[in-house]
Amino acid sequence: MEDTLKQALPQSTWSEPGCAAFDFRGDVRTNPTLDMLNAMAHASLSDGVATSDPTTHELEAYLAKLTSHPAALFVLSGTMGNLVALRSLLTQPPYGILCDSRAHILASEAGGAFAFTGAIPRPVEPANGVYLTLEDIIPHIVLPDSATVHMCPTRVISLENPLRGMIMPLSETCRICDFAHEHGVLVHLDGARLWEVVSAGAGSLEEYCSLFDTVTMCFSKGLGASAGAIVVGGEAVIRHARWIRQSIGGSIRQPGPLSAAALVAVKKTFGAGLLKPTHEIAQEIATFWEGCGGTLKHPTQTNMVWLDFTGLSFGLRQMIDEASRRGIFISRDRLIVHYQICSEAVSTLKQLMADLTSGEEPGK
Ligand SMILES: Cc1ncc(COP(=O)(O)O)c(C=O)c1O
């Protein structure tokens, strides 16, 4: 079928990664594939608002099983997933959400989760600069059984993994979730890229996800689908999440084609092991950058390389402009490697680094 599609659509934008092969701006730049298009063409086209669409049901059941949760809900984006999950976990105010001070829900979701819940954010900085530990959290958490009524009780801890491409180890995740649950606090995971954590060998989807009350995971980042995310959790919380999704206009009339593409993304990108090699390329780029005299803002543990220009004679702007002249795309100090990046793009990037840093003293 893929061959038939290739013949039918020789010039199609679905046939090749195209510009995505040279794009380090984000794993969201991955192109959906012909395989996905094929699955979309065979998806059910039932209504997903009033009833359960079969392909979407298949996706939800598959993800619930993979993560060891009783239920799952397809949503349009990671932002929607976090909002719907957090709104469904929080019931009676006053309530606060404790999260990493760099968390996506705090910094990059237009405040949605807080605006729609009225929750007070309690940002916490990780002492190790990589991931939150229980020791970071304890001084900032306001336990629901606290004697004082002055501070807002923490009803949910929202963790993010990976965060800026860095991994929260399973052991620390366990400690935090166990502590929270012992004290009647719920735990959400923004696992938009949890696939990367698992591909890095830090733990299985089941091991991580089963620790949380709700988890959001995205199909549209490194996995390559054009849209969609899943929220997994218990039956009651997911039933409630269905209402919340409807209340923000997130129910979809024919979700089947999007769900079908998402199933291919999970099975063929994540399932077939296409993410791990991107970590190796990211590490190769990070090591090369350091060898040229650059430093890194954060360690490279998955598919992200964070460039630090301190002490170099050129800055980010110059690098972006020169990259664009050479036909590769970067937009900030964060480079993301995804599975559609080609070897020519990696060589061009390394040559660019070498040329810009030539004359710099290595390790300076
Ligand atoms: C950690 C994290 N969570 C959530 C999101 C939101 O996903 P979306 O862009 O699908 O709304 C992103 C997006 O990049 C993200 O990086």
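**Backbone features and the ligand pocket**

Pro94 is found in the loop between helix 4 and strand 2 (96-100), where helices (H or I, at least four residues) and strands (E, at least two) are DSSP runs numbered from the N terminus. The model is a predicted one, in which local features need pLDDT of at least 70 and side-chain atom pairs count only at pLDDT 80 or more, while totals for chains, interfaces and linings use all residues. Residues are numbered from 1 along each chain as its sequence is written, and side-chain values use heavy atoms, with hydrogens and water left out.

The peptide bond leading from Pro93 into Pro94 is cis, with omega near 5 degrees. Another cis bond joins Asn161 to Pro162, with omega near 0 degrees; Pro162 belongs to the loop between strand 4 (154-160) and helix 8 (170-182). Ser68, although not a glycine, has a positive phi of about 65 degrees, and its place is the loop between helix 3 (54-67) and strand 1 (71-75). As background, most residues other than glycine have a negative phi, and most peptide bonds are trans.

Now to the ligand. Around it stand Ser77, Gly78, Thr79, Asn82, His104, Glu109, Glu160, Asp190, Ala192, Arg193 and Lys221, each with a heavy atom within 4 Å of the ligand. By class, this shell holds 1 nonpolar, 5 polar and 5 charged residues; here Ala, Val, Leu, Ile, Met, Phe, Trp, Tyr, Cys and Pro count as nonpolar, Asp, Glu, Lys and Arg as charged, and the others, Gly among them, as polar. Helix 4 (residues 78-89) gives the most to the shell, with 3 residues.

A polar side-chain atom of Asp190 lies 2.7 Å from a ligand nitrogen. Toward ligand oxygen atoms, Arg193 places a polar side-chain atom at 2.9 Å, and Lys221 likewise has one at 2.9 Å. Taken alone, the ligand exposes 390 Å², of which the protein buries 80%, with areas from the Shrake-Rupley method and a 1.4 Å probe.

The ligand's space is the largest pocket. On a 1 Å grid over the protein atoms alone, a pocket is an open set of points where a 1.4 Å probe fits, with protein on both sides within 12 Å along at least five of seven lines.

Note on methods:
A polar contact is a pair of N or O atoms within 3.5 Å; within protein, one must be able to donate a hydrogen and the other to accept it, and residues adjacent in sequence count only if both atoms are side-chain atoms. On a 1 Å grid over the protein atoms alone, a cavity is a set of points where a 1.4 Å probe fits but cannot get out, and a pocket is an open set with protein on both sides within 12 Å along at least five of seven lines; lining residues have an atom within 4 Å of a point. A molecule sits in a cavity or pocket if more than half of its atoms lie within 2 Å of its grid points.
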